[in-house]
Amino acid sequence: PAPAGTTLYVDCARGDDARSKAQADSPVTPLRTIAQALAYASTGDVIVVQPGTCTATVTIDVPGVTLR
């Protein structure tokens with residue numbers, strides 16, 4: 001079986017893209033943009049976007065990434 005991926009959190013209102021991938025693995029320290037989460041993402045990762053408005057156009061070019 002494939003190893004479980006990392007869950008990355010995004011909050012477009014209060015996140016911070018200066019955070020590391022390890023920090024973004026907690027809903028308490030999310031990233032600000034989906035694009036930054038995708039830059040950190042690897043196959044099997046899940047990106048969880050917190051409720052709110054995110055205005056961005058993104059392309060998911062990492063296979064096996066789930067966006068929620």
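This is a predicted model: local features need pLDDT of at least 70, side-chain atom pairs count only at pLDDT 80 or more; totals for chains, interfaces and linings use all residues.
Strands of a sheet pair through backbone hydrogen bonds, in either a parallel or an antiparallel sense. Here three strands make an open sheet, arranged in the order β1-β2-β3, and their pairing is parallel. The edge strands are β1 and β3, each of which pairs on one side only. Between β2 and β3 the parallel pairing extends over two bridges. Within this part of the model, Val-46 stands opposite Thr-66 in β3.

A disulfide is a covalent bond between the sulfur atoms of two cysteines. The model contains one disulfide, formed by Cys-12 and Cys-54, whose sulfur atoms are 1.8 Å apart. Cys-12 belongs to the loop between β1 and α1, and Cys-54 to the loop between β2 (46–49) and β3 (66–67), so the pair ties together parts that are 42 residues apart in sequence. The torsion about the S-S bond is about 100°, and the disulfide is therefore right-handed. Cys-12 has a relative accessibility of 18% and counts as buried, because buried means under 20%. Cys-54, at 27% relative accessibility, counts as partly exposed.

Finally, Asp-11 is located in the loop between β1 (7–10) and α1 (34–40). With a relative accessibility of 11%, Asp-11 also counts as buried. When its neighbours within four places in sequence are left aside, Asp-11 is in contact with Pro-30, Leu-31, Arg-32 and Gln-50.

Technical notes:
Residues are numbered from 1 along each chain as its sequence is written. Side-chain values use heavy atoms; hydrogens and water are left out. Helices (H or I, at least four residues) and strands (E, at least two) are DSSP runs, numbered from the N terminus. Buried means under 20% relative accessible area, exposed over 50%, partly exposed in between (1.4 Å probe, protein chains only). Contact means heavy atoms within 4.5 Å. A disulfide is a pair of cysteine sulfur atoms within 2.5 Å. Two strands pair if DSSP finds at least two bridges between them.
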